[in-house]
Amino acid sequence: EFYALQAGRTEGSICEIGAGTGRVLFEVAERNQRPGVGIEPSEGMIAAFENRRLESGRALYDLTQVHRGSFTDIPLGDATQGFVFSAFRSFMHVLTRDEQERSLSEMRRITRPDGLLAFDLFEPGPLHMADGGPYEIYKAETIDGGTLRRFDQHWHCAKDQLLTVDMKWTLSDSEDRVVHSEDCGYTIRYTRREELFCLLETSGWELIESFGDFDQSPLDDSIRELIVIARPT
């Protein structure tokens with residue numbers, strides 16, 4: 001809803017960088033009845049996006065499209081997008097400051113002079129900043145009396161502002177014996193608000209609003225979301 005509302009402040013095509021399966025973009029495009037284009041590096045996600053298009057009906061199929069690309073390489077023309085956004089902290093997967101500057105400049109290139117940029121990050125807390133784990137962060141019973149659990153282990157690299165999370169999912173039977181497990185993980189770069197505001201300015205953006213959550217509450221000293229809205233300078 002937040003991104004759909006922000007898109008309503010603009011005109012023209014809507015673009016999501018790191019669109020994944022298109023779940024948010026489809027909602028934003030449909031709510032505003034404007035063309036929506038997703039940029040996504042993963043072939044698997046692109047396939048899921050196309051399946052969603054096929055299942056959504058002709059009107060939404062015609063309204064949306066997806067291209068393979070990334071934050072630093074967006075295959076769209078200059079000044080073609082009225083609203084550019086990135087949801088679910090996708091920008092944190094850009095892992096160096098230089099690449100972040102390139103990404104913000106690339107998003108600036110495709111945004112219309114009267115357009116807006118919006119995206120969300122989070123500022124890390126004490127748990128993120130310390131190596132540790134595994135921590136059990138999710139637990140649920142299955143319909144056959146088993147248990148599904150998720151365990152996270154964290155590694156922090158202060159020099160490069162990187163957080164690495166290794167996740168393990170386990171499925172246990174009714175006797176609590178593990179019958180299946182899967183591992184995956186990711187690395188993200190955190191950006192403090194002052195650094196982010198500076199990055200925006202040097203990349204051709206004017207920060208016009210910042211929020212601490214999607215209810216548009218103020219950005220204060222608590223550790224919550226870090227949501228920014230900017231316009232081209």
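A few ground rules come before the details. Residue numbers start from 1 along each chain as its sequence is written, and because this is a predicted model, local features need pLDDT of at least 70, side-chain atom pairs count only at pLDDT 80 or more, and totals for chains, interfaces and linings use all residues. Side-chain values use heavy atoms, with hydrogens and water left out.

**Two helix pairs**

Two packed helices are described by the angle between their axes and the distance between the axes. Helices (H or I, at least four residues) and strands (E, at least two) are DSSP runs, numbered from the N terminus. Axes are lines fitted to C-alpha atoms, for helices over the stretch in contact, with angles running from 0 to 180 degrees between N-to-C directions.

Let's start with helix 5 (residues 97–110) and helix 6 (residues 193–202), which pack at an angle of about 50° with axes 9 Å apart. That makes helix 5 oblique to helix 6 (under 35 degrees counts as roughly parallel, over 145 as roughly antiparallel, 65 to 115 as roughly perpendicular, and the rest as oblique). Who does the touching (contact means heavy atoms within 4.5 Å)? On helix 5 the contact residues are Arg97, Gln100, Glu101 and Leu104, and on helix 6 they are Glu195, Cys198, Leu199, Leu200 and Thr202. Sorted by class, that contact has four nonpolar, two polar and three charged residues (Ala, Val, Leu, Ile, Met, Phe, Trp, Tyr, Cys and Pro count as nonpolar, Asp, Glu, Lys and Arg as charged, and the others, Gly among them, as polar).

Next come helix 2 (residues 23–32) and helix 3 (residues 43–55), whose axes come within 10 Å and cross at roughly 40°.

Buried means under 20% relative accessible area, exposed over 50%, and partly exposed in between (1.4 Å probe, protein chains only).

| Residue | Relative accessible area | State |
|---|---|---|
| Thr10 | 8% | buried |
| Ile17 | 1% | buried |
| His128 | 28% | partly exposed |
| Asp183 | 57% | exposed |

The neighbours named below leave out residues up to four places away in sequence.

Thr10 sits in the loop between helix 1 (2–7) and strand 1 (13–17). Its side chain reaches the backbone oxygen of Ala7 at 2.8 Å, and Thr10 touches Arg34, Gly82, Phe83 and Leu116.

Ile17 belongs to strand 1. Its contacts include Ile39, Phe71, Val84 and Met107.

His128 is in the loop between strand 5 (111–122) and strand 6 (132–141). Phe122, His156 and Leu163 are in contact with His128. Along the chain, His128 and His156 are 28 residues apart, yet their C-alpha atoms are separated by 7.1 Å.

Asp183 is part of strand 9 (residues 178–189) and touches Met167 and Lys168. The side chains of Asp183 and Lys168 make a polar contact at 3.0 Å (a pair of N or O atoms within 3.5 Å; within protein, one must be able to donate a hydrogen and the other to accept it, and residues adjacent in sequence count only if both atoms are side-chain atoms).

Notes. Contact means heavy atoms within 4.5 Å.
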